[in-house]
Amino acid sequence: MRSSWVSAALLALAAFAALPVRLAAQEPAYDDPDSALPAEDRAALQAERESAELRRRRGEARAAVAVYDQHLADEERDVESRALRALARRTAGDVRGAWDDAALAFDRAFPREGRALGTPAVQARVARIALALELERGRTAALTELLARAAPRLDTVGDPRAAWLVASARLELGARAAAEDGWRAGAQTAAADWDALLDRARCRRALGDLEGAAQDLVAADGATAAGGSEPDVLAELASIYFEADGEVESDASASRSPGALYREALSIAPGHEDALIGLAALARFNWRRGSKSSSAWLGEVFARAPDAVRAQLAALSNDLDDGDLKSARARIARLDGLGVDTRALAAERAALAWIEHRRDDCAALHKALLDTDARDSTPERVLGGHLVELYRFAEAREPLARAVLRDPRDWEAWMLSGRALANSGDEAGGLAALEKSETAAAGRQNAWRANMVDVLRKLRDEYRVHKAGPLSFAWSEDEAALHELYQVEHYDVARAELAARYGYTPEPTHIEVFREHADFSVRSTGFEGFPALGVCFGPVVTAVSPLCHMRGKFSWARTSFHEFTHVIHLGLSHNRCPRWITEGLATWEEENRDPSWTRNMRRELLDARAAGELIPVRQLNRAFRGPRILFGYYQGGLLCRMLIDRHGFAPMVRLLEAFDRGLDLDQAFAEVFHATPEEVDASFAIFVDAILARLSCEPRRDPLTTAAQRLALPRRMPADAEARRAWARDWLDVAWGSYQTRDLADAEDALRRALSADGANGRAEVLLGNLAFARDDAQGAQEHWRRAFALGHEDYQARMGLARMFERDDPDAAEAQYLFAEAAFPGWDDPEFSAELSLARLYERKGQLDDAMRARERWLAYESGDLSTQLAVANWHAGSGRAREACVYFQAANEIDPFVYALHEGWGDALVVVGELERALREYKAALLVPPKLDADVRRPLGDAGRARLLDKQASVLVALQRPVEAVEAARAALALDAGLERSKQIVERGGADARGAAGGVR
């Protein structure tokens, strides 16, 4: 925090900084260290400097440092080479050394007393380098003094390089108006060299002139020397295109990909910091479009430059978005240790204070920033942005409202405000804020905003809203009737059940059900391609309709129950619990309510454990922003299961309450479980091993890991017996990995090494069998697989392989192998390679239809979202006189897709048999509500005869329920469609009064 005297100094500086800096009328005295050299040597020395500088910009910073080291060894007073060495050391990752060099070069070029070193041109270069490096730290006193001492050489009127740096320093010091004047001056300055054009472009960009900035950068790229494109120019152009296009797909953006430009910069200068930070920002914006996570790109920066300030600030921002407060504190401490005191760091520090419930500290930090720049909306936007990313939407609304009041042109704050409003229940306000963002952006596109505006308008204009007490729903008109019948009741039940379990009743909740998965994905994340079925923001839930493109493959009821648990968790903790906790608890809740609602990712768990890739709990939140998101759900659920199994359910509620009080992960775990996150990780590994001990399958291996392991393993067998066994295991792992990538020659080579040290074992025999099968040696494969089993080693895939071999000629032997396979890994996740479904098909060929259905029933214990199998098993039970069992599977089928009239009719018939007549009546009515165009069973359209039949059944049930008026009404409607229905005739004739046995013949 800046003290009051510093603020006063800044006000004085603002008055000074508002004046344009010009060269002094009278040149101060200086000494030129190069002047003693002959002209030819001076030229050669300067050529060396420029060559080294080019090498630095091409990623050869250490080589450049070596050149400058030699220069300084020859002439210690060489301020130009020292300043250039500062740049080279900074590029090489030696941040502190760079700052030291820049400070010494500046002190000698601009001494407080005595003669300066360097010509005026050299002094100007030293000043620009020193200012650029000092801007990284943002130290008020240092910047103020640097600007004052270097003023005679910083020509902000004639040199856009100086104009850009001085204006940036003015902004950092809070003199916004002076900074804008400086950028305007720089934008109007003539420029021919690539570096001057680059900084003129930066001035134009700062003023919002993206088109002019891009034109300057294209010109700069054409003005570079024979060495080719400048990575700095490419990276700046990429960031301008990213700002201008915002990843919106259009004819214009198709030819100016930011990612391609960043990668081109990296191809010229490996490790180019701005390019890596830009790629990290792209990955953070939309991780689905990249191959690496934001943290992975930043990790490449830190590998070269652990103290890189901008990268540390970007990582700090990511940490706060992910709720990794321990890492955020560590980064702030690191930046403090470097002496960094930028406004950007202060804004992040304030956000951390708010997140930690240190509201007064946050307010004081904001006040200190706003005292020097009352128009700066950044601090409040940064806080609001982090709260939005943490799903604390209601909390985010106030700081974002202040941000847009402070600067109505802050399009990013308007966009974040729109997100916060829409996701906290005010969709109309959210849409209005997003539309204001479009206006304030002045042509800047943004894919997230454009997508969200489209889907919010669609919700407003095309969806029907249904209100039911504390719940409201939005869905397509043609789906409304069945959703109102089933989803409203389902959510009501879930709300009551979960409120009782957690001791918390949530506020009113709005649920949006989308026919198109793309619309759901955009409403949930801003982009298409989100691999989920539902999202909860707290008071707003989004979900896909059972009629989406995945129709018949998932349970809408399971999704709804999962999402409503989030309503409870987020409400109870005021959206303050880490995402993995609420996702894990919701995943646990699924299976707790219905064991068949399992996520069946045991193969991925097996692979992750074998590869050492279980996600530490500190990093688990990050999984929800990358390609391992689905595994993040699964692992979170397992972690919660472990904690509940060991400690009971009540501590999970206390955990949510601890997060609500502002505790972070370490504090909450210590208070509730008396454990650190690392201790929980260790316990979880043991818990996973117990799960996997019941499964027999070789894990899948990463090809790159296998290749690295192959290169690292010694070829010579160790002499020590224990080391030899470990060596053999490692080579066997390599053999399996090579086989899985179909590199059979490498697999056989690695397997020979393993066998040379450890002889035959079960794992090796299975692999030998697989290799034999790959060579079309079926007999050899059988022999090796049988040998593996005889040695006590089980393997699901080997058992399945044997079963497939036997199917045609020896069905009984195939059945035995399928049963062994099922025991080795029940519920294999691939239907085409499922032991249960393979058994079902085999039993059908053998005429054992009951056995076939029992096998399918076992499959449904792991894959409950399979409509066709649920209906097949339901009808089998019904046809076999097991109506109660049939009802279980009809209900499960309805929870997948209620838009199947035959489902409701069959379920109604079964309910009649078990005596649940009110529910049977509901199902017969539901069958008539299925729009013909939406019926999944298009092979059997309902037609007039079918409608008549359903009305006839309704009439019979109504008689049994002693509701004669309704019974006659239904019977007459049936007869209007089919006059030959005898039962309806009798009901009409009797006036619906005789209930004795009237429902008995419904089926």
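This is a predicted model: local features need pLDDT of at least 70, side-chain atom pairs count only at pLDDT 80 or more; totals for chains, interfaces and linings use all residues.
Q: How far apart are the end C-alpha atoms of H38?
A: The expected span is 1.5 Å times one less than the number of residues. H38 runs over residues 762–774, so its 13 residues should span 18 Å. The model agrees: the end C-alpha atoms are 18 Å apart.

Q: Which elements do the buried residues of H30 pack against?
A: H30 covers residues 602–611, and its buried residues are Arg602, Arg603, Leu605, Leu606, Asp607 and Ala608. After H30 comes glycine 612, with a positive phi near 70°. The buried residues of H30 pack against H31, H34 (677–692) and H40.

Q: Is glutamine 817 buried or exposed?
A: Glutamine 817 sits in helix H41 (residues 811–824). Beyond its neighbours within four places in sequence, glutamine 817 contacts Phe789, Arg799, Leu802, Ala803 and Phe806. Its relative accessible area is 8%, so glutamine 817 is buried.

Q: How far is the nearest cysteine sulfur from cysteine 640?
A: A disulfide is a pair of cysteine sulfur atoms within 2.5 Å. The whole structure has 0 disulfides. Cysteine 640 is in none, and the nearest cysteine sulfur, that of cysteine 577, is away by 9.7 Å.

Q: What are the relative accessible areas of cysteine 640 and cysteine 697?
A: Both residues count as buried. Cysteine 640 has 0%, and cysteine 697 has 13%.

Q: Which helix gives the most to the lining of the second largest pocket?
A: A pocket is an open set of points on a 1 Å grid over the protein atoms alone, with protein on both sides within 12 Å along at least five of seven lines; lining residues have an atom within 4 Å of a point. The second largest pocket holds about 990 Å³, and among its 34 lining residues Leu533, Lys553, Phe554, Arg558 and Glu863 are closest to the centre. H28 (556–572), H31 (629–647) and H44 (867–879) each give two or more residues. With 4 residues, the most comes from H28.

Q: What is the volume of the largest cavity?
A: A cavity is a set of grid points where a 1.4 Å probe fits but cannot get out, and the structure has 7 of 30 Å³ or more. The largest cavity has 14 lining residues, with Gly323, Asp324, Leu325, Arg618 and Leu665 nearest its centre. Helices H18 (325–337) and H33 (665–673) give two or more residues to this lining. Volume is the space filled by probe spheres set on the points, joined across faces, edges and corners; for the largest cavity it is about 110 Å³.

Terms used:
Residues are numbered from 1 along each chain as its sequence is written. Side-chain values use heavy atoms; hydrogens and water are left out. Buried means under 20% relative accessible area, exposed over 50%, partly exposed in between (1.4 Å probe, protein chains only). Contact means heavy atoms within 4.5 Å.
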